[in-house]
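Visitor: Could you walk me through some ring contacts, one step at a time?
Guide: Gladly, let's take a look together.

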Amino acid sequence: MISREQAAQENLNAVLAELRACRLCRDAPLYPPRLPHEPRPVIQAAAGARLLIASQAPGTRVHASGKPFTDRSGDRLRDWLGLDKERFYDAARVAIVPMGFCFPGPDGKGGDLPPRRECAPTWQDRVLARLPDIELILVIGRYAQAWHLGPKAAADLTATVAGWRAILAEARQARILPLPHPSWRNNGWLRKNSWFEAELLPVLRAEVARLVD
């Protein structure tokens, strides 16, 4: 007889296998344009994880590696969290579930297109239902904030992140903490909003240490 933990992992593994085989945005897109390259869904998850990073979508380097946050944004994010690579990439500790699992392509302006709109409605609920031990969700960027916070997300990212204390204090099965994207494109935002590093990051690191160490 298998244990509860084994059953939960097997249940999650079945969904992850389906997700990694998904080609919806290439073969039968619900919204134009059709994904122009071979999909490569990227996700990190294990049934016992207590911390969830809800990110945006893979970039070019992550698409190439097949591993989340293998870029400069990942370096900054790990610094924010106070985690080394060993703990960050331990799926039993940290789940990483983006809004879009495949690289959506470049936007022609030096950045990336938004996450494919097929992804979240197709997969988010199925994956999250199989992560029963999550205690804290870090929602990175406005797409993740809109999905996880719904109408409680403010009109812009700055206002949402500025309201982090009230959001974190809300009674939920898994508490939520909003963050900006760790992209180096946000250097100006970080300089302008010095309260993020002075006030939010110490709380973030303490929460992460409690759940991961």
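Visitor: Which residue has its charged end over the ring of Tyr31?
Guide: Some ground rules: this is a predicted model, where local features need pLDDT of at least 70 and side-chain atom pairs count only at pLDDT 80 or more, while totals for chains, interfaces and linings use all residues. Residues are numbered from 1 along each chain as its sequence is written, and side-chain values use heavy atoms, leaving out hydrogens and water. A charge sits over a ring if NZ of Lys or CZ of Arg is within 6 Å of the ring centre and within 35 degrees of the ring normal. Here the charged end lies 3.9 Å from the ring's centre, and it belongs to Arg117.

Visitor: Over which ring does the charged end of Arg142 sit?
Guide: The charged end of Arg142 is 4.6 Å from the centre of a ring. That ring belongs to Tyr143.

Visitor: How many aromatic pairs does a search of the whole structure find?
Guide: Rings of Phe, Tyr and Trp (its six-membered ring) pair if their centres lie within 6.5 Å; planes under 30 degrees apart count as stacked, over 60 as edge-to-face and the rest as tilted. One of the pairs is Trp80 with Phe196, edge-to-face at 4.9 Å centre to centre and 65° between the planes. The search finds a total of five.

Visitor: Is Trp80 buried or exposed?
Guide: Buried means under 20% relative accessible area, exposed over 50%, and partly exposed in between (1.4 Å probe, protein chains only). Trp80 has 2% relative accessibility, so Trp80 counts as buried.

Visitor: What does Phe196 count as at 0% relative accessibility?
Guide: The value for Phe196 is 0%. Phe196 therefore counts as buried.
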